[in-house]
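The stops below run from whole chains down to single residues.

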Amino acid sequence: MYKYNELDQTLVNERVNQFRDQTERYFRGELSEAQFLPLRLQNGLYVQRFAPMLRVAIPYGTLSAVQLRKLAEIARKYDKDFAHFTTRTNVQYNWPRLEAVPDILAALASVEMHAIQTSGNCIRNTTTDALAGVAADEIEDPRPWCEIIRQWSTLHPEFAFLPRKFKIAVSASAQDRAASRVHDIGLQLRHDDAGQTCFDVIVGGGLGRTPILGSLIRQGLPWPELLNYLEAVLRVYNRLGRRDNKYKARIKILVKETGPQRFAEMVDREWQHLQGGALTLEDHKVESMRAAFTPPSYRQDVPEQGFESARSTDPDFARWCQHNLRPHKQTGYRAVVVSLKAPREVPGDCSSTQMDVVAELAERYGFSEIRVMHEQNLVLPDIPLDHLHAVWLKLAEHELATPNVGKLTDMICCPGLDYCALANAGSIGVALELNQRLENLDDLYDLGDLRLNMSGCMNGCGHHSVGHIGILGVDKKGEEWYQISLGGSSRNDASLGDRLGAALSRSEIVNGIMALLKVYLNQRHVEESFVETYRRIGLQPFKEAVYV
Amino acid sequence: MSEQVLSLKAGLITHDWLDLDDEAPLPDAGRSLLSLERWLREGPAAAPGRSLGLKLANTCDVESLDVDLDACTLIALEFPSFTDGRAFSQARLLRERLGFRGEIRACGDILSDQLLYLARCGFDSVAPADPTQLGRAKEALSEFSIAYQPSDSGPRLRLAL
């Protein structure tokens, strides 16, 4: 993975000092609440329902074992012994003291980490496929490009005060696992006819209160022009994005109101001036970035025998292998999905001990690397077959081996009313109750691949609009209600869910979901997934079952 | 504009521009700042040989300005709120694309924490509504020694990208 050079490290250290000074000026009254707010947000610091919340950047979801241990140490020392992994592949601390934040940032800087631009109206953490570099269907490793974008977007002098937040995702495989059509910019990497890397640029997608799928505005952008073109998009947005209403300030509204074609022309006009300019990428720059992500020295002789016999003798291990492993480019290796969705745990939460366990496994068996998935699980990307059983045993010992990846209980869920100041409704309680109802694994597996996403408010941090089943928490006269939508997806078949009908109360919601599942089980064709059945039979049968 | 102005190269200077009301008569001497409307109506021809500045709203599309920029000694760009970053783009366009060589000044609601960004986008001077923001200008301008974005303006930082 990418290692900081002296310049990267100096910049992050300088940022820690800057934030320490800003915090001190705030405590001395030299910065007002209103002035400190955007400054602290640009360093990932919110003031939440009960305490500040600090969001730490995990660039494109890649972590080293040393970094994960540091995250565990910070949770132990400054928080309540756990942290929460988010749908933006970042990590959040829910209970730090404001006074301690500069020290936490210094601790992060010591392992090449930071909280720069994890919030605020600026360019946020660039995300990609959690299986980058190992996925069997990958066209090219997207991480060198992500790191180039990370650097360009870090403390960019022109784009620190945008109309609203701005999120970039890069997908570089046949199957889009980066949700590139629901980002402000989605870059889809491919190789052109001459074998050269190029990008299809999708702009104006997003979730939140106005979910929209992005529009393709540039096909086959040549790689040397990547940053010039991004700069052109950002400049058009900075100048013309709406600032009169924060709910209409995302680039998706500008693209929608302007029309994708006209918007593309405006970007092209700007890009014409920037083409070939100072941000043009050169071969040696990209090559040195690629060199930072060369594959580790894989063993060529991994025996399969032990793995096969363990699978045939241990049904629990076999079940975990079936659901929690992902194919790997390298023969003899698998990517292991570490489920953070144990039945009685908050989705995405991870204790300090669990973080240490994952770090230790990465060090012992997996070239010291860990990934964060936007589905709020972790990945050990490089585990050889002959160590899978040992890895499984250790994970299982720490409730990290729930064999439910991609299934209903592997749900995406925001912290909801339990932590977030914006939420209308609790999401965690609903998640826990659903888990109890689906405790029997055979029932769970019978439901097949099913993405259930839940957000506690319409800001949509839980990506409810792209869940096969989406649940949105709404407030009705001070009570928690839940709006269901069906048929969403953030993958190649990207689509936004359709609203089922009136919201359900807290006491009705779990029964409502169970009724939906029953309709699927009764009506499905052989081998048909929930979302496929839904697309075939439509909303009506589900509606009738829920609103009897 | 406030009395105190920070030159991003030379430190604190005294404000010597008269921010002229659209209806007020043009004084016989001194430096005057005109709105775009007045500039287009009267133009530099109304005051030959005098230093004139142009005030631009942050919604102005600087590329389609029908103004002889060579006749302009200073362009003042507005920050109605420090969180409204449109003028950062305007400054870069004036400097890098339109080749404006006069002074670019930032006016309005500006925090000391933004000084380095302003300098790197091509601003030469800053006249904040709250002059206390200039108290820590020197520290603010030296908070970073590294940048990932190339820029010909502002302090010379080591380029990391």
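Helices (H or I, at least four residues) and strands (E, at least two) are DSSP runs, numbered from the N terminus. This is a predicted model: local features need pLDDT of at least 70, side-chain atom pairs count only at pLDDT 80 or more, and totals for chains, interfaces and linings use all residues. Residues are numbered from 1 along each chain as its sequence is written, while chains are lettered from A and ligands numbered from 1 in the order in which they are written.

**Stop 1: chain A**

Select chain A. It has 18 helices and 21 strands. Its C-alpha atoms fill a box of roughly 60 × 60 × 55 Å along the principal axes. The radius of gyration is taken over C-alpha atoms, and the globule rule is 2.2 Å times the number of residues to the power 0.38. For 548 residues, a compact globule would come out near 24 Å, and the 23 Å of chain A agrees.

Colour by burial next. A residue is buried if 20 or more other C-beta atoms lie within 10 Å of its own, exposed if 12 or fewer, and partly exposed in between, with C-beta atoms placed from the backbone. Buried residues are 56% of the 548 in chain A.

Now the contacts. Two residues are in contact if their C-beta atoms, placed from the backbone, lie within 7 Å. Of the contacts in chain A with a separation of 6 or more, 67% are between residues 24 or more positions apart.

**Stop 2: loops with positive phi, and a strand**

Most residues other than glycine have a negative phi. Select T89(A), in the loop between β4 (82-85) and β5 (91-93) of chain A. Its phi is positive, near 55°. T89(A) is buried, because 25 other C-beta atoms lie within 10 Å.

Go on to L155(A), in the loop between α5 (143-153) and β7 (168-171) of chain A. Here phi is near 50°, again a positive value in a residue other than glycine. Is L155(A) buried or exposed? With 25 C-beta neighbours inside 10 Å, L155(A) counts as buried.

Step into strand β7 of chain A and pick V170(A). V170(A) is buried, with 25 other C-beta atoms within 10 Å. Which residues does V170(A) contact, leaving aside its neighbours within four places in sequence? They are T126(A), T128(A), P142(A), W145(A), C146(A), A178(A), L187(A) and L189(A). Draw the C-alpha to C-alpha distance from V170(A) to T126(A): 7.6 Å, across 44 residues of sequence.

**Stop 3: a helix pair**

Show α7 (residues 251-258) and α8 (residues 260-274) of chain A. They pack at an angle of about 110°, with their axes 6 Å apart. Axes are lines fitted to C-alpha atoms, for helices over the stretch in contact, and angles run from 0 to 180 degrees between N-to-C directions. α7(A) is therefore roughly perpendicular to α8(A). Angles under 35 degrees count as roughly parallel, over 145 as roughly antiparallel, 65 to 115 as roughly perpendicular and the rest as oblique.

L254(A), V255(A) and T258(A) of α7(A) meet P260(A), R262(A) and F263(A) of α8(A). By class, these are four nonpolar, one polar and one charged. Ala, Val, Leu, Ile, Met, Phe, Trp, Tyr, Cys and Pro count as nonpolar, Asp, Glu, Lys and Arg as charged, and the others, Gly among them, as polar.

**Stop 4: helix α13(A)**

Select residues 388-397 of chain A. The buried residues of this helix are L388(A), V391(A), W392(A) and L395(A).

The buried residues of α13(A) pack against α10 (305-313), α11 (315-324), β12 (333-338), α12 (352-365) and β15 (378-384) of chain A. On the other side of α13(A), L393(A) and E397(A) are exposed. E399(A) follows α13(A), with a positive phi near 55°.

**Stop 5: chain B and the interface**

Switch to chain B, with four helices and ten strands. The radius of gyration of chain B is 16 Å, close to the 15 Å that the globule rule gives for 161 residues, so it is as compact as a globular protein of that length. Buried residues are 40% of the 161 in chain B.

Finish where the chains touch. The contact takes 27 residues from chain A and 25 residues from chain B. α2(B) gives the largest share of the chain B side, five residues. By class, that side has eleven nonpolar, six polar and eight charged residues.
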